[in-house]
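This report describes selected local features of a model, grouped by element. The structure is shown first, and the notes follow it.

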Amino acid sequence: MKQYSYFPGCSLKASAVAYDLSVRAVSAALGIELIELEDWNCCGTTVYSAIDRLEAICVPCRNLALAEKKGLDLVTPCSACFRTFERVNSYLRLYPLLKTKVDKVLAAAGLEYHGKVRVRHLVDVLLNDVGVEAIASKVVNPLHGLKVAPYYGCLLVRPEVAFDDPENPQSLDRLVESLGAEVVPFPAKNRCCGASLVISNPDLALGLILRILESAHSNGAECIVTACPLCQLSLDAYQGMVNRKFGTRYELPVVFLSQLMGTALGLEPKALGFDRGVVSPEKVLARHL
Amino acid sequence: MKPRIGVYICHCGANIADTVDVEAVTEFAQGLDSVVVARNYRFMCSEPGQNVIKEDIENLQLDRVVVAACSPQMHESTFRRVCEEAGVNRYLFQMANIREQCSWVTHDKEQATKKAKALVAAAVRRVALQEPLEVRKAPVTPCALVVGGGIAGIQAALDIAEAGHKVYLVEREPSIGGHMMQLDKTFPTLDCSACILTPRMAQVRSHPSIELMTYSEVVGVSGYVGNFKAKIRRKPRYVDESKCTGCGVCSEKCPWTADSEFDMGLGKRKAIYTPFPQAVPNVPVIDTERCVYFRKGTCRACEKFCEAKAIDFEQTEKVVEVEVGAIIVATGYDSFDPTPIYQYGYKRLDNVITGLEFERLCNASGPTGGRIILSSGREPESVAIIHCVGSRDRNYHEYCSKVCCMYSMKFAHLIRESTAAKVYEFYIDLRSAGKGYEEFYNRVLDEGVIFVRSHPPEVVSEDGKLIIECEDTLAGCQSRIAVDMVILSTALEPRADAGEVARLFSLSRSADGFFLEKHPKLAPVATMTDGIFVVGCAQGPKDIPETVAQASAAAAAVLAMFARGTIEIEAATAVVDQELCSGCGICVALCPYNAITFLEDRKVAEINDILCKGCGVCVAACPAGAITGRHFTDKQILAEIEGLLADVKPPLVAI
Amino acid sequence: MLAAGEASHGGQFEREWLSRALYVAGPVGEQVDAMAEMAATKDQTTFDRGMPMSKNGQQVAVDGYGFAEEIASEPGGECIRWCVQCGTCSASCPNVLWMEHSPRKIIALVRAGKRQDVLSSNSMWCCATCHLCTARCPKGIDVPELMHVLEWIATREGLASGKISTPAMHRTLADAVRRQGRMHELGLMARFFLRTNPLAALKLIPVGLKLLLRRRLPFRAEKIKGTDQLRAIVKEAQTLGGGK
């Protein structure tokens, strides 16, 4: 069994608990062992650097320091956490003066980090470590006929990522296809959902969410699948607000990749957290569950 | 007899003198063994500097010279010449690099001066042991090989041929003409490209001194300046050039079509075809991938209808070898394929085309007969031209392709001339620096072309229109402009096989992938390999005037070499002492230049002076120590090392 | 007035000509003082290159090389030097129409030394860090990073835009992380709305309820064990000048 240090991120303990449940279930089924990083702390996401730039590196770096001791790749299902850790790693590499400061700060907490942790997004692990063929071979409940719009969001594929293209990403498409489902064309698949601004500037964010829902819907999608907890929250929980504000009537269930995968792999729906979605996926997935 | 050495320390202005204490080094040099005189001067390579050396050689009877200055790459040949003019053999000169390897790599004055002293000491000890060597001359084959038959190759070939020398002009495509042939009108004068190019092409064809080999490729090069041998693979056309009259009936009758490469895939050609009507030579080739005879053994329509009986399906590939004195590489550029820029919609959305594709649309002999139309067949009402596609972009090519601003404006003019369409030019900076270029820009402005200073990130399709979403940076507002056609002004990039060509001709490439010139300002067409030149867009993106100028520049250099008639052979080669040679043959296998032969009768190795480059591999490898590298003898090298370490105390050895 | 190249004589002079040259909205004295202090501590030769002139009440851009360099001296901020003002970023930005100044314009204003305009604008607070600009920028500039640097400076100097409540959101989140090591969504929202505008919370009550019902908004805040480590980190970071 391939082992990884697992960093769920704050959302997976709260609004995206379904993601955590389904990731654990699917990993077990695919032969991956996820060992949750002990006593991990919030990564601070993209907003911490507006408050303090040094803390914004050091606070997530605590997690990397803890993970380094385990010697495993650190895998996270959250795109924001993934980007934050990537930023820490690359800044420590590019700016030696910054690294000196960070070393000092970590030392004050009795920690040290040598830049050795390889941070992976869950999608990368599924695509490149497990592989679409391996996944397809384990599918017992192919999702034939299910029209899926795979939503990447921003931070998964931008500014750049080794396993996919920022403008025309394909990784989620391929993973969804390996489950037997049908991927619909989806021009807004990598457009921002505005998650970081949805509380403080809902009017702005709702406009962005509308665009994504509209794009999926007009291309015949029956559901949207995503690999980021913040995206799921935006598209799912705020769908009602979008409908009210813009007079639309979207009822698009937004599920996590791991939930869809779990279904195709024949896992128990209860274990996959389908009951947590605000827009219920029950009707759409009825013929597959 | 003790050597009499003169040592000259160059200030090189502030380059050396600001970091190295030249006075101290001079004083140090004066105190070295066998040094008769040590001086320092601001610019040793200047005329007064050179004269200082010459005068000292004469007045002080110097027989060896050391110059501590820049890299030998820069001025070793300069000072060697100075020595010889004053009567001292050039191999009794040694250069110490106290600039690139000393003053330019540190700010620490103490360390730099210390190192300079060590380098000078090394050079002095070495030069004391150097031997005069005879410089041999080899004849120059007064023929040239020009690789690539675009405007650059054509110009170079004509210039050399006009001087009465033979030129082999090798072109990969079935016809010469290159990319210039694909253009419609050329900026800034709006000359028709074919009209100015075809007379040159005809001249090439009929010139008695030019041997034109089209549909051919150079596959091997050996030798050295003045004496190259090139192997050229002549691909079979399956049409006998000597019989073909160029009547074109074969193409007419051929029932099989393919996308025309010349028309950028926008039009069709036949399986037996000439790429364009004015092809030189006007002899078709058969595309064996599309020709049904080659695929299935049937048809043969061309053969049936050819009155001159010129079709020859039995033709085979031929490899010919030519001997030339100089090679000019004029292989041109490739047009950047914008497919990877997903957000521009090239090949995804209708009516998004590249610059070269637009040239073909505009051109009267192109796929639409010169009508600027959309894929639906109607004329566009508005056209957007996006600059800098693939250029000035860290994601693709960082450099500026130089000609796109001008050709973009040319497109605007051509569109306004023949349609009623609105034209929008989306640019970041406008580069119109050549002769008549700014005036052309003024003209285009006067024609009502709309310039929007913006680099649009995306082209989307909406209700049958192409929408450019951009920020008008000068007005400071977001714009959405709907057009019918988008022209992407694509970059000029190195040819896809530039790496292989570089290897073939021993060329280096700069970071942008184009072939590297010897010096960007002072030797823009020469390369680090003597006798091989690179001209035109193969060296970097440029317009036609510059290309032609470079071609003539290289031709002039080649003609100078031919006029001299001989080249000097570097004498620092290796020599086998056949008495010591044990006949093991290790050196023969190791020589990268195949310069060593094993003499079977005497069972000893012999080195060809002319092929030997003096690399030293055989010298190091010979187990019997029978090979000496002239000018790099063991004694000389050890003396140099001793000079470097002269003031280093040996370490205490622990017992 | 100073002749070009002549050194200035300390903060008093800067204060005088800054107050003449700048269009300042809000409490003038404080902000001018802050900038004068910055000016006085900057390298005199670079700052004195510009000659501020006031003609008919119109102000001419102060030579702002200092401000751009301030950004460029931050790790991740050096890319501001590479901008050629092509506008790719602005046109890619999904939120550009909400911004007072587009991303490209912000960079231009920074370079022109319009510190006040930039730091008090809402532009960077509208950035969702989606990086569409970064992916397309021909010079490879990380625009959201520049936005974050500006946000940080604006926060530090108390200029964080009062027109938008995003700064308060960021602050709330940072406080929570510093204290508990985890982000507790319910607590976050509560604190945020209390800090800014409790009535705005009403709009989100339907969403909140739905999430609560589906057990996606736990009441209890989780706290990590290593809070003392985090405290030490935050303390040491702030001692070191907080990334300055």
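## A helix of chain C

In this predicted model, Gly241(C) follows helix α13(C) and has a positive phi, near 100 degrees. The helix comprises the 13 residues 227–239 of chain C.

The buried residues of α13(C) are Gln229(C), Leu230(C), Ile233(C), Val234(C), Glu236(C) and Ala237(C). These residues pack against α10 (166–180) of chain C and also against two helices of chain A, α3 (53–70) and α5 (96–108).

## A covered strand in chain B

Strand β21 of chain B, residues 382–389, is mostly covered, with eight of its eight residues buried. The strand pairs in the parallel sense with β22 (residues 422–427) of chain B over five bridges, and Ser382(B) stands opposite Lys422(B) of β22(B). Between β21(B) and β22(B) the chain passes through helix α12 (residues 404–418) of chain B, forming a right-handed β-α-β crossover.

β21(B) also runs parallel to β27 (residues 485–490) of chain B, to which five bridges join it. Here Ile386(B) is placed opposite Leu488(B) of β27(B).

The loop between β21 and α12 of chain B holds Arg392(B). Although Arg392(B) is not a glycine, its phi is positive, near 55 degrees. Arg392(B) counts as buried because 22 other C-beta atoms lie within 10 Å, where the cut-off is 20 or more.

Cys12(B), also not a glycine, has a positive phi of about 50 degrees. This residue is in the loop between β1 (5–10) and α1 (22–30) of chain B. Cys12(B) is buried, with 23 other C-beta atoms within 10 Å.

## Cis peptide bonds

Arg158(A) and Pro159(A) are joined by a cis peptide bond with omega of about 0 degrees. Pro159(A) is located in the loop between β5 (147–151) and α8 (171–178) of chain A.

In chain B, the peptide bond from Phe187(B) to Pro188(B) is cis, and its omega is near -10 degrees. Pro188(B) belongs to the loop between β8 (185–186) and β9 (191–192).

## A serine in a loop of chain B

Ser71(B) occupies the loop between β3 (64–69) and α3 (72–85) of chain B. With 14 other C-beta atoms within 10 Å, Ser71(B) is partly exposed.

Leaving aside residues up to four places away in sequence, Ser71(B) touches Asn97(B), Arg99(B) and Glu100(B). Ser71(B) and Glu100(B) are 29 residues apart in sequence, while their C-alpha atoms are 6.2 Å apart in space.

Conventions. Residues numbered from 1 in each chain as written. Chains lettered and ligands numbered in written order. Predicted model: local features only at pLDDT ≥ 70, side-chain atom pairs only at ≥ 80, totals over all residues. Helix = DSSP H or I, 4+ residues; strand = E, 2+ residues; numbered from the N terminus. Buried ≥ 20, exposed ≤ 12 C-beta atoms within 10 Å, placed from the backbone. Contact = placed C-beta atoms within 7 Å. Expected span 1.5 Å × (residues − 1). Pairing = 2+ DSSP bridges. Right-handed = clockwise from strand over helix to strand, strands pointing away.
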